[in-house]
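This report describes selected features of one model, moving from a helix and its surroundings to a sheet and then to a helix pair. Please keep the sequence and structure in view while reading.

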Amino acid sequence: MKKILALVLALCMVFALAACGQSAAPAANTASHKVAMITDYGDITDQSFNQTTYEACKAFCEGKGVDFTYFKPASDSDEDRVSMIEKAIDEGYNVIVMPGYAFAPAIAATAPKYADVTFIALDVSEFDLTSAGLETLPANLFSAVYQEELCGYMAGYAAVKLGYTKLGFLGGMAVPAVVRYGYGFVQGADAAAAEIGADVTVKYAYGNQFYGDADITAAMDTWYADGTEVVFACGGGIFTSAGEAAAKVGAKVIGVDVDQAATIDGLYGEGMTVTSAMKGLAATVNTELTAVLEGKFEGGKVANLGLVSNVPEENYVQLAGSTQFGEGFTAEDYAALVADMFSGKITVSNDTEISAADNAKTITVVDLGNIK
């Protein structure tokens, strides 16, 4: 009898809300969700993907009262990443967040197997997943990729507007995301040079690895000695070689993926980092975890995230807040640039089948291939 009465009261409440033109808002379900973040092969202090993702997950879960932890694989291997995912699931974590394309094989091995677990992947493309053997995207998987060419464009445009005319692009490996960063950088520099009539040269090369070493540092020494003023170091830890070489001559570096000013300046000298071309990892984490808690999660897809607003900080790709704005390129100029990109007045190609030089109409691109 009590159960029937409770049901009647609940129905009355719904009808009362409907009569007032209202609907009951879905309550966030915090009790039934536990969130675990798995690091790729770094740590949560890497000043890059792992740290940004960890801090975003931690802040979100603390704010919502959701249980959260992270797991670090024992080594950089697919087996250990799978092991940590399964350990998290065994311990009751049913929302797994993973940053970076290295997770593709581990996702292919676990997401179809654990259909009642939600998988959120950052910067893992459909190509990565299918290459890892995942023929169909499972309904419990959401992955985000980013339109790197857009923030690459912003960085190249800003550099030239700020007065730099001898630029460099040092990519890690020529994977699609890094290529898009580089090609966007060239397009942005080209557009700015055309606007102000600057004579701009971009040296363009890949280290063929995602870390710096003595050989790559030596190449950067040559670039800077030859007059290069700023290098867009794009690809994991390869910024160390650009930073080491820049420090010797008082030159500059542009960071990537997250705001790297604290890291690069801390290691190699205050004021070295002109800007960073960033992906909105934290924004993605917040959006997707909110969807999970509110029962609005939409899986089975890879979302291609870019500009969603003419307000710079609301977008999934943007320049860092630490950008060294100046007379040639102010914060207001940046906002105007983003507004023009959002409206379609400025378009940026994401074609990775052409060469770096094919993206330039005004500037000179010296394509040096792979350093190693």
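Against which elements do the buried residues of helix 10 pack?

## Basis of the model

This is a predicted model, in which local features need pLDDT of at least 70 and side-chain atom pairs count only at pLDDT 80 or more, while totals for chains, interfaces and linings use all residues. Residues are numbered from 1 along each chain as its sequence is written, and side-chain values use heavy atoms, with hydrogens and water left out.

## Helix 10 and its surroundings

The buried residues of helix 10 pack against helix 9 (239–249), strand 9 and strand 10, where contact means heavy atoms within 4.5 Å. Helices (H or I, at least four residues) and strands (E, at least two) are DSSP runs, numbered from the N terminus. In helix 10 (residues 261–268), Ala261, Thr263, Ile264, Asp265 and Tyr268 are buried, that is, under 20% relative accessible area with a 1.4 Å probe, protein chains only. Just after helix 10, Gly269 has a positive phi of about 140°.

Seven strands form an open sheet of mixed pairing, in the order 12-10-9-8-6-7-13; two strands pair if DSSP finds at least two bridges between them. Strand 12 (317–319) and strand 13 (364–370) each have a single partner strand, so one side of each lacks a neighbour in the sheet.

Strand 9 (residues 252–257) and strand 10 (residues 273–279) run parallel and are joined by 4 bridges, with Val253 having Thr273 of strand 10 as its bridge partner.

## Helices 6 and 12

Helix 6 passes helix 12 in a right-handed crossing, meaning that the near helix is turned clockwise from the far one by less than a right angle. Leu150, Tyr153, Met154 and Tyr157 of helix 6 make the contact with Tyr334, Leu337, Val338 and Met341 of helix 12.

Key:
Buried < 20%, exposed > 50% of the residue type's maximum accessible area, 1.4 Å probe, protein only.
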